[in-house]
Amino acid sequence: MKIVVHIDDADQWQAAIKKALPHATVLTSEAPAEERAHADYLAVWKAPAHLLQEQTQLKGIINLGAGVDYLLNTPGLPSNVPIMKLRDAGMGELIADYTLYGVLHFYRSMDRYAQHQRDAQWQPHPVPEKSQWPVGVLGLGAIGRLVATRLSQAGFPALGWSRSPKEISGVRCLHGESGLNELLSQVQCVVALLPDTAETQQILDAKRLAALPQGASVINPGRGSLIDEQALLEALGQDGQPGHLRGALLDVFCEEPLPASHPLWQHPRVTITPHMAGPTPLNDAIDQVISYLRAFEAGETLETVNPDAGY
């Protein structure tokens, strides 16, 4: 079995996989082309096209991240090779923490207190009942399910939305266009955790942002493409004009790093973090990749990526 790894810190991945699978040949993409060709498996993150194109006998590709949009759009991607991706692999807990922080930030008026501090203004705000402060999660994959569950456990009414019907204990699950409209009309905060697909790009556009209640907030630890950034700016208010939305906590953007000239940087109702909501815990990710390789070799049935759906 030959495995080729392409990712930052590929040497660490190579050593860990080799330790777990001592009879395998494990190379990084820095190996000479004649050595890395004819691999059985690729374990890659944002692999160059030539690495895919030079392979002739792949049994499987493991995407070393949750988002597969880059891989699916890489020229030369074989159409008949099963693709696995990291599913949670420790990222879910980190993103759940990030999301809960963001929800509490708005729920407990920390955004308002930050402005009051700048204005040297002493003004306490009442704390609403959690039961009156529903939170919506868009995307109910492995990470979205965990986030919605954590919000429910924290006492917030949790609503979740997905394209197809789902069931999660403690979470009101909605689906389809009507379900999305229903969720948006009810929540005080919406969390975007959908994959990047043709159907989800700018799913939070001007019309859907306007469907949120007055004073609602937006949290995006998912994909930058999910939000129409110009529409969000307008919904938040610009040039001294009040907006429909209260604020946004954004970790991902259409262009990264976010250009220094982008108006989101300076908007008083926006908090920006540099794509750090869910860094992949290395040990958890490596363990999952090793389990995939063993399952592939054993002929087990695995949950693979659907290229048409984009996840």
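Start by selecting helix α5 (residues 91–107) and helix α7 (residues 142–153): their axes come within 9 Å and cross at roughly 45 degrees. That angle makes α5 oblique to α7. Keep in mind on this tour that you are looking at a predicted model.

Stay with this pair for a moment. Two packed helices are described by the angle between their axes and the distance between the axes. The crossing of α5 and α7 also has a hand, and it is right-handed. Now show the side chains where the two helices meet. On the α5 side, pick M91, G92, E93, I95, A96, T99, L100 and V103; on the α7 side, pick I143, L146, V147, R150 and L151. Colour this contact by class and you will find nine nonpolar, two polar and two charged residues.

Next, move along to helix α8 (residues 176–186). Which residues of α8 are buried? Select G179, L180, L183 and L184. These four cover an arc of only 130 degrees around the axis, so they sit on the same side of α8. The spacing has a simple background: an α-helix has 3.6 residues a turn, so residues three or four places apart point the same way.

First, go to T28, in strand β2 (residues 25–28). Is T28 buried or exposed? Its relative accessibility is 10%, so T28 counts as buried. Setting aside neighbours within four places in sequence, show V4, V5, A10, D11 and Q14, which are in contact with T28.

Then select V81, in the loop between α4 (69–72) and β5 (83–85). V81 is buried too, with a relative accessible area of 11%. Leaving out neighbours within four places in sequence, its contacts are L58, K59, G60 and I61. For a sense of scale, draw a C-alpha to C-alpha distance from V81 to A260: they are 179 residues apart in sequence and 40 Å apart in space.

Finish at Q238, in the loop between α10 (229–236) and β11 (247–250). Here the relative accessible area is 28%, so Q238 is partly exposed. Apart from neighbours within four places in sequence, Q238 is in contact with Q230 and L233.

Notes:
Residues are numbered from 1 along each chain as its sequence is written. This is a predicted model: local features need pLDDT of at least 70, side-chain atom pairs count only at pLDDT 80 or more; totals for chains, interfaces and linings use all residues. Side-chain values use heavy atoms; hydrogens and water are left out. Axes are lines fitted to C-alpha atoms, for helices over the stretch in contact, and angles run from 0 to 180 degrees between N-to-C directions. Angles under 35 degrees count as roughly parallel, over 145 as roughly antiparallel, 65 to 115 as roughly perpendicular and the rest as oblique. A crossing is left-handed if the near helix is turned anticlockwise from the far one by less than a right angle, and right-handed if clockwise. Contact means heavy atoms within 4.5 Å. Ala, Val, Leu, Ile, Met, Phe, Trp, Tyr, Cys and Pro count as nonpolar, Asp, Glu, Lys and Arg as charged, and the others, Gly among them, as polar. Buried means under 20% relative accessible area, exposed over 50%, partly exposed in between (1.4 Å probe, protein chains only). The arc is that of the directions from the helix axis to the C-beta atoms.
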